[in-house]
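Keep the model in view while reading.

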Amino acid sequence: MLYRPEAFEPLTDTGWNDVRVRDALHALVAETDAAMRGPKLLWRAHEWDRWHATSPMKNLYVGAAGVLWALDQLRRRGHAETSLDLAQLARRNLEAFQAKPDYIRDWAELPSPRDSSLLLGEAGILLVTWRLAPDDEIAEELLVRVRENVDNDAQEIMWGSPGSLLAAWQMFEWTNDERWRDAWNESADALLARRREDGHWTNRLYGQEFTSLTPPHGVVGIVQALVTLLDQARADGLRRDTARILTDAAVPEGDIANWPPRPGRDLVGPDSEIRVQWCAGSPGIVIGAADYLDEELLLAGAELPWRAGPPKDEKGPGICHGTAGNGYAFLKAFARTGDEQWLQRARRFAVHALEQVQRMPLRHSLWTGGIGVALYAADCLDQRTEYPFMEYA
């Protein structure tokens, strides 16, 4: 069994309608605006998002930085206009984090330097702040964070230098300042030097040492970060090597396939769960490796979340481990094949995710909340297939 049917629910009977989806995006942005409690309190964090931490959360993953970035994306792309002063709030959010960081406490030792984390530290907040309120001082602070992170033992996107590569890449794209290319090269060279002969990296995180396949913690995400600015020959070599790793690690069953979070054939984790989500399982593999994964295997991996159906409310509608995140696998299959069936499936999941948002208390975060679902629905409208922050920021 490649998934547990009891973890999923039947897909909504509601069909896709452009007008209704656009109305839902406007409503979500308006509700997000209304829930902002002021420049000091920001948004109240859901209890899962603030686990072992404090509200408000300020980071990119489950905090205000991610919400502000998504609101800006929706505004830039003409989908919904926020009433909030995003630049002012971004600066205030940065000040709030610097005064009171919202790291997990009393649970496990965090990687060092923790402030350089893209998704959970100050680096991601600085990146969003610069995007919304460009400032030389903020750019200098971010450059320091990127360069400090070269030797982080966390070999992954959330805390380690692969996340710093994404930040440096975006700043280079936005500014064309060669300092960012130089910082990217420094981190990339060090990261490639730590690559094992088998094509993996050893991740040391939360007191564990392990090898991972997943976008946030393993080889798929690391390769995504490296190919952004790597020369063509080395990028192609990384893709070929990683395609072989993923082919060997796949667990097929008929016309569907899944992947364990870590190399090996056992899909069942220590919590007895089989994951089918962006952060672990076939959707994340398909999304992260869509441009080099064997096409038959890619389609089998994308078929799995469609066969399983949308995750139940315990996982929710979000882009990390919920309905919208799984839907990005369909967008990737559409981009790879041009088959409209995959776009239709992605849009059906978008409608279901929007309905989940409506029936659940609204969470204010990019990866786990309603604003991430709004962004996914906008991508379905625009037929845009890039996953947030891993492929654009």
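## Helix 9 and its cover

This is a predicted model. Start with helix 9, which runs over residues 232-249. It holds 18 residues, and at 1.5 Å a residue these should span 26 Å. The end C-alpha atoms of helix 9 are 26 Å apart, so expectation and model agree.

Which residues of helix 9 are buried? They are Ala235, Gly237, Leu238, Arg239, Thr242, Ala243, Ile245, Leu246 and Ala249.

## Helix 11 against helix 12

Two packed helices are described by the angle between their axes and the distance between the axes. Helix 11 covers residues 295-308, and helix 12 covers residues 323-337. Their axes lie 9 Å apart, at an angle of about 145 degrees. The crossing of helix 11 with helix 12 is left-handed.

Helix 11 brings Glu295, Leu298, Leu299, Ala302, Pro305 and Trp306 to the contact. From helix 12 come Asn326, Ala329, Phe330, Ala333, Arg336 and Thr337. By type, the residues of this contact split into 8 nonpolar, 2 polar and 2 charged.

## Helix 2 against helix 4

Helix 2 (residues 64-76) and helix 4 (residues 122-132) also pack, with axes that come within 9 Å. The two axes cross at roughly 35 degrees. Here, too, the crossing is left-handed.

On the side of helix 2, the contact uses Ala65, Leu68, Trp69, Asp72, Arg75 and Arg76. Helix 4 answers with Ile125, Val128, Arg131 and Leu132. What types of residue make up this contact of helix 2 with helix 4? There are 6 nonpolar and 4 charged residues, and no polar ones.

## Aromatic rings

The model has 18 aromatic pairs. One of them joins Trp278 and Tyr387. This pair is stacked, with 4.8 Å from centre to centre and 15 degrees between the planes. Trp278 sits in the loop between strand 4 (256-258) and helix 10, while Tyr387 sits in the segment after helix 14 (370-382). The pair therefore ties together parts that are 109 residues apart in sequence.

Are these two residues buried or exposed? Buried means under 20% relative accessible area. Trp278 has 3%, so Trp278 is buried. Tyr387 has 0%, so Tyr387 is buried too. Both belong to one aromatic cluster. Its members are Tyr61, Trp69, Trp278, Tyr328, Trp367, Tyr376, Tyr387, Phe389 and Tyr392.

## Gly318 in a loop

Gly318 lies in the loop between helix 11 and helix 12. Its relative accessibility is 3%, so Gly318 counts as buried. In sequence, Gly318 and Trp278 are 40 residues apart. In space, their C-alpha atoms are 9.8 Å apart.

What does Gly318 touch, leaving aside residues up to four places away in sequence? The list is Thr323, Ala324, Gly325, Trp367, Thr368, Gly369 and Val373. Trp367 is also a member of the aromatic cluster.

## His352 in helix 13

Helix 13 spans residues 340-359 and contains His352. With a relative accessible area of 3%, His352 is buried. Beyond residues up to four places away in sequence, His352 touches Glu9, Pro10, Leu11 and Thr12, among others. Pro310, Thr323 and Arg359 are also touched by His352. Thr323 is a contact of Gly318 as well.

Key:
Residues are numbered from 1 along each chain as its sequence is written. This is a predicted model: local features need pLDDT of at least 70, side-chain atom pairs count only at pLDDT 80 or more; totals for chains, interfaces and linings use all residues. Side-chain values use heavy atoms; hydrogens and water are left out. Axes are lines fitted to C-alpha atoms, for helices over the stretch in contact, and angles run from 0 to 180 degrees between N-to-C directions. Helices (H or I, at least four residues) and strands (E, at least two) are DSSP runs, numbered from the N terminus. A crossing is left-handed if the near helix is turned anticlockwise from the far one by less than a right angle, and right-handed if clockwise. Contact means heavy atoms within 4.5 Å. Ala, Val, Leu, Ile, Met, Phe, Trp, Tyr, Cys and Pro count as nonpolar, Asp, Glu, Lys and Arg as charged, and the others, Gly among them, as polar. The expected span of a helix is 1.5 Å times one less than its number of residues. Buried means under 20% relative accessible area, exposed over 50%, partly exposed in between (1.4 Å probe, protein chains only). Rings of Phe, Tyr and Trp (its six-membered ring) pair if their centres lie within 6.5 Å; planes under 30 degrees apart count as stacked, over 60 as edge-to-face and the rest as tilted.
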